[in-house]
Number of protein chains: 2
Amino acid sequence: PDSLMISPYIPCSQTGCRYVSKAAAKTQMEFEYDGPSMKTEVPGPRSKELTKQLGEMQNVGAINFFCNYEESRGNYLVDVDGNRMLDVYTQISSIPIVQTSPPSLLSAFVNRPALGIMPPENFPEKLSESLLSVAPSGMSRVQTMACGSCSNENAYKAMFIWYRNKERGHNIPSDEDMSSCMINQSPGCPDLSILSFMGGFHGRTMGCLATTHSKAIHKLDVPSFDWPIAPFPKLKYPLEEFKRENAQEEARCLEEVEDLIVQWRQKGRPVAGIVIEPIQAEGGDNHATPDFFKKLRNIARKHGSAFHVDEVQTGGGATGKFWAHEHWGMDDPADIVSFSKKMLTGGFYHKDELQAYRIFNTWMGDPSKNLFLAEVLNVIRRENLLEEVTRSGKTLLQGLYQLQDQYPNMLSSARGQGTFCAIDIRDDATRNSIILKARDKGVLLGGCGERSIRFRPALVFKEYHVHMFLNVFSDVLAEHN
Amino acid sequence: PDSLMISPYIPCSQTGCRYVSKAAAKTQMEFEYDGPSMKTEVPGPRSKELTKQLGEMQNVGAINFFCNYEESRGNYLVDVDGNRMLDVYTQISSIPIVQTSPPSLLSAFVNRPALGIMPPENFPEKLSESLLSVAPSGMSRVQTMACGSCSNENAYKAMFIWYRNKERGHNIPSDEDMSSCMINQSPGCPDLSILSFMGGFHGRTMGCLATTHSKAIHKLDVPSFDWPIAPFPKLKYPLEEFKRENAQEEARCLEEVEDLIVQWRQKGRPVAGIVIEPIQAEGGDNHATPDFFKKLRNIARKHGSAFHVDEVQTGGGATGKFWAHEHWGMDDPADIVSFSKKMLTGGFYHKDELQAYRIFNTWMGDPSKNLFLAEVLNVIRRENLLEEVTRSGKTLLQGLYQLQDQYPNMLSSARGQGTFCAIDIRDDATRNSIILKARDKGVLLGGCGERSIRFRPALVFKEYHVHMFLNVFSDVLAEHN
């Protein structure tokens, strides 16, 4: 079928010319709207009124607008003023398929059992059907958690416990371990560290925050740990065109990683684990090559550190594979893979060696989210959504390349895997203005890093939607040029 | 009506005698069962089989048994082997009313919006109806979070940000603040601390864990912060009988708190906040008097530290008031009150001064939980459940006092507020054996501290249930004597 082809865009070199794509052939999608429909500016009066109301109760500084989730369908988010927008951001990339829910899922969602002690009967079955059916290579165990930050916090704890057991040579703590930990002192609370990367984002609780280095505003005023921070490669795009320079840059960063591991061991704070995103998302959609990750994995192994791949934003299919790390083509890609967002529940997969009997809390996630995830995964398989993502993603990236050729002073570094794409804009102010203008034309986008726009559509974003987006984006760019 | 009276127990001094209470008069409760009904030992064969299955996927060390939540009703939890047990533990105290759910709530529970940026239209209304309708004195703002640990982590961050703004004299960070925080260094990541209490439990993520001191097993092998830890008063029960000794003990602890605040200021790690539970729950149901909390609140004020009351376990009505701190009778009890468990969602209330625009994550809780909470609060009001709790709690405590008189070598220190009660058992082994024996007779109990049993029934636990429990407990004690 023609949906397998990359659409042949009609090149358009004149400034201000509307980007024209052939793809008006809409694919079948029940219940979906035909296109955006804008009634007011955004936020409209009703959103403003509600923001004011909510402002009496809590912080509203980050609120864009209020939504009408009942009216939102497929790729369209409808706001409370009746504006219908094509959604290329999906709740900071946390909606897997659609805004609304199949009625079949409206079942017992209200109980909240303490999963660690009294799980419901169908819990093992639902875990198998949901999370374990998409377990990363080499991993058959998973621990659910309520959110992304808790997932990473507990993954770090699992790595620390694993590391200390390795140091002790067994699982049995000494009396000194037991008494010193009660007052926050070593050896019970050991001086261990997690190595992270500049530009990384792993959450905002205090352990996670010590490994997050994307924006100062996340970290400011919060006490932290003296843990090593390595440079993440700053590559040139498209990656294929700058292989040699990029390889040099990656080698420089890997060397620094090894230096830091040695330094921190010398200062008595060994690196128990390395944490990294397959694509640095909040930090600006920074990519690295499979070769970089393979070598990093080997460095971790060589120095006895655990290797934790944080797929909270990249996981769940948006890169065209279920996990972004599958693009590395490794049998043993990681010791821990954490997730949240599109997976609807937080949690982490881990290798058997990293099993930690002491990872526990009251809720340990929420089984209603597993039920919903099982249904989402069925839809992904039945409708071959990963293939769709790959196809839509190619079309999207191709379109971004063309627009970048057309507006070389405005756009650069188009990049992506699947529909998990991004492009750099001239400067921060222009980026923010473009996002707002696109929204007023009915397309929802998000920013990341210093001056990037990130594309995070749902898995049902078809080529038809890509062309709709590119047309609007082209109009907005023409206005800015 | 007679339900306001304390039931006149028939004293029973002979060893082995069944504890006899007059209260066979069951109150009306739709759908509830008549009493426990045991088919197998617990865990039964089906639970064991499921535990084995789940053991292939994750840790099962903490699992007691598997539940049939569809068959569970009111105060009765039914397991997968058909055993029906009176529930005096409620998922580590996290079920507010009943095990099953009113059908009216089975509505849109599947969307998971990013609440901080695109909340649903009814979000302010639902917040007002749910969390804000029970806001602690002096607080009109609330921030929802996904779980108890995240609630405390973010409450600590709010206190740190507030403290640093106070130090700077304004909200605007310096360039040095901004650059140093990116690499985890001061002044951007300042050397501030939270003062906590020995025996306290505030969660298991890394910030929370630095203030948790109830069991070594929670903290072991996880790096921590050098923060001050004060002694929590070790009082004698009943409190009324040991007023003078208890006042001395509380004065000793308060003096130590002030000393620690001064010491930590001198070592350049000032105390930004003090965190405390109104009743130390995990640590063994340790109580302190309203006078202690009033003086502690004043010490916090005097030294410029925020005062954070952690009501994750005590909040939601089990003490006979909606918040345990209401028993202190203060207009301005705290700067921050955190919650989770019975509230169905995590989060924290805070005074206006502690508003932190930088407290943010993707989900910020789950609005479906607010909907459910609003319904739960309606039931609590309509059915005067707090009065019921006070009544049942008095009957429970009275019964525990009598059993303690009857078994002075086995039981001591019966204590409690509302139905949030506990009693100490001779030793750890006997405590654990009593819990298991009670379960085999159809009563679910939980332990806490070194050798306590804690009672954590739901808010619909009536005097009828209290007597049912006391009869079984009496039988178990007779067997142990």
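**Note on the interface of chain A and chain B**

1. The contact between the two chains draws 114 residues from chain B and 114 residues from chain A. The model is a predicted one. Between them, chain B and chain A bury about 10300 Å², and 60% of that area lies on carbon and sulfur atoms.

2. Charged and polar pairs also occur here. The count of salt bridges between chain B and chain A is 6. In one salt bridge the side chain of B:Asp221 meets that of A:Arg358, at 3.0 Å from N to O. For polar contacts across the interface of chain B and chain A, the rule gives 26 residue pairs, with both residues at pLDDT 80 or more.

3. On the side of chain B that touches chain A, the largest share comes from helix 4 of chain B (residues 148-168), which supplies 8 residues. By residue class, this side of chain B divides into 62 nonpolar, 33 polar and 19 charged residues.

4. Helix 5 of chain A spans residues 175-182, and its residues A:Asp177, A:Ser180, A:Cys181 and A:Met182 are buried. What do the buried residues of helix 5 of chain A pack against? Within chain A, they pack against helix 4 (148-168). From chain B, helix 7 (216-219) and strand 5 (229-230) take part in this packing.

5. After helix 5 of chain A comes A:Asn184. The phi of A:Asn184 is positive, near 65°.

How values were computed
Residues numbered from 1 in each chain as written. Chains lettered and ligands numbered in written order. Predicted model: local features only at pLDDT ≥ 70, side-chain atom pairs only at ≥ 80, totals over all residues. Heavy atoms only, no water. Buried < 20%, exposed > 50% of the residue type's maximum accessible area, 1.4 Å probe, protein only. Helix = DSSP H or I, 4+ residues; strand = E, 2+ residues; numbered from the N terminus. Contact = heavy atoms within 4.5 Å. Buried area = accessible area lost by both parts, 1.4 Å probe. Salt bridge = Lys/Arg side-chain N within 4 Å of Asp/Glu carboxyl O. Polar contact = N/O pair within 3.5 Å; in protein donor to acceptor, adjacent residues only side chain to side chain. Nonpolar A, V, L, I, M, F, W, Y, C, P; charged D, E, K, R; others polar.
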